[in-house]
Amino acid sequence: LAKTKNELDEFLNAPATLEEARALMADPATSDEQKKILKCVERTLMCYIIEDEGAMNIKKQITTLEASLAAARNVMKLGYTAADGTFTPGSSVVLRNLMRTSDEESVRKAAYEGLRSIGPFVLENGFLDIIKQRNALAKQLGFVDYYDMKVTQAEGFDKKTLFGMLEDLEKQTKPIALDARKRLLEEKKE
């Protein structure tokens, strides 16, 4: 998996592909529709192209760490232990559904505990190292952290701008939501 991901990253990280896309966009023979598509290609490639050799080495380390964690997660014994001690295997989807739908509190709790076991498992299998390396990569490339890098690449603005937008949204919608909950509570009391 790590080898395949590295090969995909190398393809998406190829400056020649980006240069070709930009040359085609500048070509007068390229239609507006083709330019729109090429702009999407350019934006995608810019999410992957890393010209800094140190950053590229960090990216390869991240890919290896992520593949190792994925391999460990794929063989993780996941499920729930019933009150009688019987272990029932189940995916995270099965466990979430049991938490929402089981009539028995003990089954809901056991499903919760099974699902909750994923967190410590991934922490023990390198997740913190992945986070550290992702942040190191982002800082190497001039971003505040990995989240800032991903937001900037995907949205075209940084996380500070995003959080400002979300704070504004909360200011505008919080009073409405509080009022709606208050009215609902009053209606249901009757």
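Start with the lining of the largest pocket: 14 nonpolar residues, 2 polar and 8 charged. Keep in mind that this is a predicted model. In total, 24 residues line this pocket. Its volume comes to about 380 Å³.

Which residues lie nearest the centre of the pocket? Met46, Cys47, Tyr48, Ile49 and Ile50. Helices contribute to the lining too. At least two lining residues come from each of H1 (2-12), H2 (15-26), H4 (53-74) and H9 (146-155).

Stay with H9. Helix H10, residues 159-189, packs against H9 at an angle of about 80 degrees. The two axes are 8 Å apart. Parallel or perpendicular? An angle from 65 to 115 degrees counts as roughly perpendicular, so H9 and H10 are roughly perpendicular to each other. On the H9 side, the contact is made by Tyr147, Asp148 and Val151. On the H10 side, Lys159, Leu162 and Phe163 make the contact. Sorted by class, that contact has 4 nonpolar residues, 2 charged and no polar ones.

Last stop, Leu98. Leu98 sits in helix H5, residues 92-101.

Methods. Residues are numbered from 1 along each chain as its sequence is written. This is a predicted model: local features need pLDDT of at least 70, side-chain atom pairs count only at pLDDT 80 or more; totals for chains, interfaces and linings use all residues. Side-chain values use heavy atoms; hydrogens and water are left out. On a 1 Å grid over the protein atoms alone, a cavity is a set of points where a 1.4 Å probe fits but cannot get out, and a pocket is an open set with protein on both sides within 12 Å along at least five of seven lines; lining residues have an atom within 4 Å of a point. Grid points are joined across faces, edges and corners, and a volume is the space filled by probe spheres set on the points. Helices (H or I, at least four residues) and strands (E, at least two) are DSSP runs, numbered from the N terminus. Ala, Val, Leu, Ile, Met, Phe, Trp, Tyr, Cys and Pro count as nonpolar, Asp, Glu, Lys and Arg as charged, and the others, Gly among them, as polar. Axes are lines fitted to C-alpha atoms, for helices over the stretch in contact, and angles run from 0 to 180 degrees between N-to-C directions. Angles under 35 degrees count as roughly parallel, over 145 as roughly antiparallel, 65 to 115 as roughly perpendicular and the rest as oblique. Contact means heavy atoms within 4.5 Å.
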